[in-house]
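I would like each term to come with its cut-offs.

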Amino acid sequence: MSSARPVDTTPPEIRSIAAPKGHTYGEGGTIAFRVNFTEPVVATGIPTLPISIGDTVRQAAWNGRGSGSRSLTFTLGVQSGDFAPAGVRVAGPIVLPDGAAIRDRAGNDLNPAASGEFPRARVDAVGPSVSDFGHIAIAGKRVSMRVTFTEPVTVRGKPSIAFMVDGAPRQLVYARGSGSDVLVFTYRATRRETPTVENVAVSTPVIALSRGHIIDAAGNRMATGTRWDSLLSNSHWYVPEENLLAYMSSSTSFTTPPPVSLWDQTLWSLGTATDGRFTGSSQATFYVSPENSFGSTMSIVGLATEVGEIRMRFTPTSGGSPVIGVGQFREVNGTTAIQMQMISGQAGEAYTTHWAYMLPYDPGSFTPPDPRPDADLTSTEWAWTPGTTWEYQSDELFGPGGVGSFTITNYRNGYFWGSGSGPAGTLGESFTQLGSITPEGNVLFNVLTGQSVPTLLTLTGQITGEPLTARMALRTYEFSGSDPAFGAVGYAVIVPEPTT
Ligand SMILES: [Ca+2]
Ligand SMILES: [Ca+2]
């Protein structure tokens, strides 16, 4: 009696996929998926198993071992930015690229259908970042700042934040908070120092990690300005056609005569960025009329912070007013733009202010548009501000605790100007102002005081609220050395019009 072995015509199938180890996988972690088949399989090439990590599908690849057995292991290396707090899942059937196969011993091809959900295999390859730098607090000799993070962090070493006491550079050093999402940085004044609201100033706050680090629960390091380095390094930026608009005022007043509109194109060439710091050059062309233009070539010193703010200083190569700017990285139609507000700042010269969405370009294949008079730059959210009066507390303008007011008389394309006054004898006894407000409410403006030798102050901050409840958080902004410097925050509160 012959017992012919039956011919195997049944394709192998996936019986199960074992859950990866329950864990939060950080950047550089490896997630392993053990795929069990209904019979022994022979694998060749590099079969892959698609895995959903949040919104991204990535391929876990066969690790090359176990051919001839009933199970194969597929592994996936977690990459920076991967994020799946609810776990990962199989996104589709096993993929067999050219040259890859999974077959049983009789040569039947695998039925590749696969599924599986693994809620305990969480992925967090997004480093913690600062969500808020608090105000500086002064209590006797102790100066402190609370810094809030996007998630709980663990601190190793002694990270620090540079600031100034009486013009001297000092460090706020990490003191406490590891394990939570708020860290406190402190500085103890020396015997000869008396820190006060007036003499303490913080630059654009940046956490220096020199001898330490800040990590999240999955071991990812704090995002710093470093994450903007590749975007900024050796890049070129231009102003798109619809943003080609600037305003210029006289050297003595921002209202009399009124500022005039200019068409401007500004091109930046940036060098290598390191930890968010960069240098470069700027070439601007301003047209007063089709026949009347002037150019300006400036060197750039800039800084991007971990939360995506940009501070820039432009120094004319042939003398003249420096320009300072504040900006934010913003996504515009899928491109990372730099929304920039800039204003020239040197008492006694004509002033120019402009804001725009700067876009990256390749000078080898793209010619930025020339200035032309059809700008469509808008910031309609704040079009209600003309005619509003603001009560404003500013130590710098009105003396310690002093209060004055200003009125916005004109607002066009996000540009505004007006005038204000304060207590007699103070710097801000009378002044005019000129600047811009972005759709998101970022404010940058110059104040020019009314003395025979005027003083210029640059203020920056944020406007929030509706016409009846609006307020601005403002602070002075200087950028003369390698770091920007900001004064303490003061508030401007809208004064309701009398109802009759
Ligand atoms: Ca079979
Ligand atoms: Ca994280």
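The paragraphs below go from the whole chain to its domains and then to a single sheet.

This is a predicted model, in which local features need pLDDT of at least 70 and side-chain atom pairs count only at pLDDT 80 or more, while totals for chains, interfaces and linings use all residues. Residues are numbered from 1 along each chain as its sequence is written, and chains are lettered from A and ligands numbered from 1 in the order in which they are written.

The chain holds two helices and 38 strands, where helices (H or I, at least four residues) and strands (E, at least two) are DSSP runs numbered from the N terminus. Its radius of gyration is 30 Å, well over the 23 Å that the globule rule gives for 500 residues, so the chain is more spread out than a compact globule; the radius is taken over C-alpha atoms, and the rule is 2.2 Å times the number of residues to the power 0.38. Along the principal axes, the C-alpha atoms fill a box of roughly 120 × 60 × 55 Å.

An automatic or database domain assignment divides the chain into domain 1 (14–124), domain 2 (130–223), domain 3 (228–360) and domain 4 (380–495). The C-alpha centres of domain 1 and domain 4 lie 58 Å apart.

One open sheet has seven strands in the order 1-3-7-6-5-9-11, with antiparallel pairing, two strands being paired if DSSP finds at least two bridges between them. Strand 1 (14–18) and strand 11 (117–118) stand at the edges with a single partner strand each, so one side of each is left without a neighbour in the sheet. Strand 3 (residues 30–37) pairs with strand 7 (residues 71–77) in the antiparallel sense over seven bridges, and Ala32 stands opposite Thr75 in strand 7.
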